[in-house]
Amino acid sequence: MKRDPRRGADPIESQIELALAPGAFISDWDCSSFVDSLEEVAAKIAKLAATEPARATALYETFLAGCYAKAEETHDSSGSFGQFASDLICAWIKARQSSGANPDETSSGLLAWMDDDPYALCYGIEEDVAKAFDKAGLAAFEKQIRSRFEAAVTAKPKPAPAEPPEHVRRRWSGVLRTLYLAQKNIAAYVALAGETGLTAKDCHALATLHITRRKPEEALGWVQR
């Protein structure tokens with residue numbers, strides 16, 4: 001979103017900058033209180049999202065850019081800073097949905113963060129975003145992930161240091177499994193497992209899905225497998 005230059009900077013941007021404390025190293029000991037201060041600012045943006053979702057979206061993007069810049073100055077062995085960034089992304093998704101943004105563009109923006117993630121702030125984020133997306137958003141994200149998976153399936157091995165296609169396939173098949181579970185799409189999950197190899201974890205996941213659908217006999221079948 002482009003800001004009207006006549007309006008100047010959003011006043012909450014200065015609060016974001018103050019909370020992030022650029023240039024100050026955050027030790028592991030101080031990380032928890034540091035994240036608490038970030039959450040206070042995030043809560044203010046969340047209140048805006050109900051009435052000004054487009055403004056909230058822009059602020060979340062500013063906040064996330066600041067978090068990526070701050071990661072180099074943060075010792076986050078507890079993972080609290082990484083979880084905060086993940087929560088910001090989920091809030092960004094919800095704000096975009098409230099503003100009526102195109103779900104395909106939202107998915108593309110999320111994938112851009114996942115692709116360029118030197119500090120692993122998006123590691124394992126698919127489980128969280130699957131809950132943040134509405135039905136249309138989840139379908140759009142699943143479609144783009146499926147496209148990446150299929151491209152990896154047909155890709156030929158590349159010389160180092162390129163990531164081997166089998167690693168790419170494994171990555172996106174894992175994301176697809178998470179999304180199919182969120183959609184409770186048993187047929188798609190079973191089909192994917194057939195493509196990539198059924199595991200004990202798959203059997204457990206499918207048994208759980210059948211239990212939620214009150215089909216204990218089918219669930220028992222997957223447990224036995």
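This is a predicted model: local features need pLDDT of at least 70, side-chain atom pairs count only at pLDDT 80 or more; totals for chains, interfaces and linings use all residues.
The secondary structure of the protein chain amounts to 11 helices and 0 strands. Read along the sequence, the pattern of the chain is accordingly written α-α-α-α-α-α-α-α-α-α-α. The C-alpha trace spans about 60 × 45 × 35 Å along its principal axes. The protein chain has 225 residues, of which 40% count as buried. When contacts between residues at least 6 apart in sequence are considered, 66% of them join residues at least 24 apart.

The largest nonpolar core contains 62 residues. Within this core, the members that touch the most other members are Phe 63, Phe 81, Ile 89, Leu 110, Val 129 and Phe 141. In soluble globular proteins, nonpolar side chains tend to be buried together.

Two helix pairs involving helix H4 were examined. Helix H4 covers residues 80–98 and helix H5 covers residues 103–115. The axes of H4 and H5 come within 10 Å and cross at roughly 165°. An angle over 145 degrees counts as roughly antiparallel, and H4 and H5 are therefore roughly antiparallel to each other. Their crossing is right-handed. On the H4 side, the contact is made by Ile 89, Trp 92, Ile 93 and Arg 96, and on the H5 side by Glu 105, Thr 106, Gly 109, Leu 110 and Trp 113. Sorted by class, the residues of this contact between H4 and H5 are 5 nonpolar, 2 polar and 2 charged.

The second pair joins H4 to helix H2, which comprises residues 31–49. The axes of H2 and H4 lie 9 Å apart, and the helices pack at an angle of about 15°. Angles under 35 degrees count as roughly parallel, so H2 and H4 are roughly parallel to each other. The crossing of H2 and H4 is right-handed. From H2, the residues Cys 31, Phe 34, Val 35, Leu 38, Glu 39 and Ala 42 take part, and they meet Ser 80, Phe 81, Phe 84 and Leu 88 of H4. By class, the contact of H2 with H4 has 8 nonpolar residues, together with 1 polar and 1 charged.

Ser 107 lies in helix H5. The relative accessible area of Ser 107 is 0%, and the residue is therefore buried. Apart from its neighbours within four places in sequence, Ser 107 is in contact with Phe 133, Gly 137, Ala 140, Phe 141 and Gln 144.

Phi of Lys 184 has a positive value, near 55°. Lys 184 is placed in the loop between helix H8 (165–183) and helix H9 (186–196). With a relative accessible area of 41%, Lys 184 is partly exposed. Phi of Arg 214 is likewise positive, with a value near 60°. Arg 214 is found in the loop between helix H10 (200–212) and helix H11 (216–224). The relative accessible area of Arg 214 is 77%, and this residue is therefore exposed.

Conventions: Residues are numbered from 1 along each chain as its sequence is written. Side-chain values use heavy atoms; hydrogens and water are left out. A nonpolar core is a set of buried Ala, Val, Leu, Ile, Met, Phe, Trp, Tyr and Cys residues joined through side-chain atoms within 4.5 Å. Buried means under 20% relative accessible area, exposed over 50%, partly exposed in between (1.4 Å probe, protein chains only). Axes are lines fitted to C-alpha atoms, for helices over the stretch in contact, and angles run from 0 to 180 degrees between N-to-C directions. Helices (H or I, at least four residues) and strands (E, at least two) are DSSP runs, numbered from the N terminus. Angles under 35 degrees count as roughly parallel, over 145 as roughly antiparallel, 65 to 115 as roughly perpendicular and the rest as oblique. A crossing is left-handed if the near helix is turned anticlockwise from the far one by less than a right angle, and right-handed if clockwise. Contact means heavy atoms within 4.5 Å. Ala, Val, Leu, Ile, Met, Phe, Trp, Tyr, Cys and Pro count as nonpolar, Asp, Glu, Lys and Arg as charged, and the others, Gly among them, as polar.
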